[in-house]
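Q: Hi! Could you walk me through this structure?

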Amino acid sequence: MSRIGLAPINIPQGVEVTIDKKNVVSVKGPKGTLTQRVDPDLELKLEDGVLTVARPTDQKHHRAKHGLYRALMANMVKGVSEGFVIEQELVGVGYRATAKGQLLQLSLGYSHNITLALPDEISVTAQQEKGKNPIVRLESPDKQLVGQVAAKIRSLRKPEPYKGKGVRFVGENIRRKAGKAAGK
């Protein structure tokens, strides 16, 4: 049995969940509104502030979708009530970040600055303190979208294993390698 799929989702105060006849779930809360289409084979029940997902059979594809859609629903409920935050730090000499509205401008050691236009669902801030690495903070109710944007930013300059320079998540450990051994 799927342990994740069987777990009920508690709906917090101030969050409204509606289930359409075509298995389209809308979750509305203080941070925004999210919608997700659920596989029509799965059955969704909303009773007394608890959302449950049930599968019709124990076939492999039903078992896989059972846990998947339950996790997606839980992420939607958490997103509209609390939101998701990802922080990334830019490690390197001269690396900078500035945020103006939905534009993020990065200076990552290339001959030109990189400008990214971010989706409206994401709010971005860039902090830069003297003596510390610049930090880019992404916030959104949509976990999938904020993770995808963070991965795109990280892909612009991945951390390298010798000096550790690049864009990394705050708290991420980079496996370091020893450089070339000195000649005798």
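A: Happy to. One term before we start: buried means under 20% relative accessible area, exposed means over 50%, and partly exposed is in between (1.4 Å probe, protein chains only). This is a predicted model, where local features need pLDDT of at least 70, side-chain atom pairs count only at pLDDT 80 or more, and totals for chains, interfaces and linings use all residues. Residues are numbered from 1 along each chain as its sequence is written, and side-chain values use heavy atoms, with hydrogens and water left out.

Q: Great. Which residues are buried in H2?

A: His62, His66, Gly67, Tyr69, Arg70, Met73, Ala74, Met76, Val77, Gly79 and Val80. Helices (H or I, at least four residues) and strands (E, at least two) are DSSP runs, numbered from the N terminus.

Q: And what do the buried residues of H2 pack against?

A: Helix H1 (3–6) and strands E1 (9–10), E3 (24–29), E4 (32–37), E6 (50–54) and E7. Contact here means heavy atoms within 4.5 Å.

Q: What comes just after H2?

A: Glycine 83, with a positive phi of about 90°.

Q: Switching topic: how many salt bridges are there in the whole structure?

A: The search finds 6. A salt bridge is a side-chain nitrogen of Lys or Arg within 4 Å of a carboxyl oxygen of Asp or Glu.

Q: Which residue does arginine 137 meet in a salt bridge?

A: Glutamate 87, at 2.9 Å, N to O. Arginine 137 lies in strand E12 (residues 135–140) and glutamate 87 in strand E7 (residues 84–91), so this pair ties together parts 50 residues apart in sequence. Arginine 137 is partly exposed, at 25% relative accessible area, and glutamate 87 is partly exposed too, at 28%.

Q: What about glutamate 129?

A: The side chain of glutamate 129 meets that of lysine 132 in a salt bridge, 3.7 Å from N to O. Lysine 132 is exposed, with 57% relative accessible area. Elsewhere, salt bridges that share partners join Glu87, Arg137 and Glu139 into one network.

Q: Nice. Which residues line the largest pocket?

A: Leu34, Thr35, Gln36, Leu72, Asn75, Met76, Phe84, Pro141, Asp142, Lys143 and Gln144. On a 1 Å grid over the protein atoms alone, a pocket is an open set of points where a 1.4 Å probe fits, with protein on both sides within 12 Å along at least five of seven lines, and lining residues have an atom within 4 Å of a point.

Q: Which elements supply at least two residues each?

A: E4, H2 and helix H3 (143–156) do.
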